[in-house]
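The sequence and structure come first.

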Amino acid sequence: MVKSIDLTVTEVTLAALSAILEYRYLSVKQVAVIAGVRDKSASELLLKLERYGALSHFGNSGLYGAGKTPKVYYLTKRGYRLLADEFEAMGRHVAPFKAVNMNSKWSPVMFHRMATLDVMMSLERDLAGLKDYLRVGTLVEYRQERIGRRWRKETTDYVDDPKVSPDKIVPDAGFVVAHRGTGKRALFLIEVDCGTTQLTSFQPDSDVKTVTDKLAQYDCYLASGRVATRFPTLGSFSGFHVLIITTSDARVANMRKAARNLPANFHPYYRFSTINIVRQKFLHDGWLSRDHADHKTYPLIKGR
């Protein structure tokens, strides 16, 4: 039963609800980042919204030897109506409501998704501060899109035709930005590496997919040109990069060394950084190319 409580809807409230609607679910820390408030304030707001009936949650449960899983909030129908009514009053569009599938309260893949969402919240925070660039759209692998009678993850594509499973490529996330003056758009696809994937294999017939296997598949994807037409609703792109975000500077260095035998002409299409740096500032100027001999650092967006 929903408790009868007084609820004051603020800009922070709407920012939290809107982000949860877009990304399906978010933790307290992630809401704090995107709403620009402290963790404690975000926690109090989300708890109040849950008591009001606008949110529900999963997680917040013990794992043997690993403490607790994060408390992760998702929107209820009542929360969606609250957001839709407020947006309608301001003449703003709100996306359709999509219920969160709660068949599994928590699974190992959720840790990777939480790391990906940490990255995306940092991105959203930084994009909101840009004057000359517009955020066109974001992509995340767990969101589904309907193609005819079938559903697929919205980042899914294939490096070639026919579309067979070994050629499937599913980036963890992505985003598109456009320059307000020129209208030119750039697409960035994101791979979040939590340090568990083997860098390379010395057995050519191994079934284990390594980091270099994934990079080589991206090279094929770039060479095919399919990426230029995969996301038509987000426009056409004059720029493209694959962002590899991993656990440490040492792993970045090892990844770049492992990729030294991959085609050099594709090195400039990759940028590497660490999760800790990206959490602090996604649009920093210290991104590295795939070329392990290239010691220069690069911004993602020039002249921002």
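How many cavities of 30 Å³ or more does the structure hold?

1. The structure holds one such cavity. The model is predicted, so to speak of its local features requires pLDDT of at least 70, side-chain atom pairs count only at pLDDT 80 or more, and totals for chains, interfaces and linings use all residues. Residues are numbered from 1 along each chain as its sequence is written, and side-chain values use heavy atoms, with hydrogens and water left out.

2. On a 1 Å grid over the protein atoms alone, a cavity is a set of points where a 1.4 Å probe fits but cannot get out; a pocket is an open set with protein on both sides within 12 Å along at least five of seven lines; lining residues have an atom within 4 Å of a point. A volume is the space filled by probe spheres set on the points, which are joined across faces, edges and corners.

3. The largest cavity contains about 40 Å³ of space. Its lining consists of Ile20, Leu21, Arg24, Tyr74, Leu75, Phe97, Lys98 and Val100. At least two lining residues come from each of α1 (11-23) and β5 (71-75); helices (H or I, at least four residues) and strands (E, at least two) are DSSP runs, numbered from the N terminus.

4. The largest pocket has about 690 Å³ of space. Among its 27 lining residues, Glu22, Ala95, Arg135, Thr138 and Arg143 are the closest to the centre. Two or more lining residues come from α1 and from β6 (133-140), and α1 gives the largest share, six residues.

5. The second largest pocket has a volume of about 480 Å³. It is lined by 24 residues, of which His112, Asp172, Glu191, Val192 and Lys214 are the closest to its centre. Elements giving two or more residues are α5 (108-128), β10 (168-169), β12 (185-192) and α6 (211-224); the largest share, five residues, is from α6.
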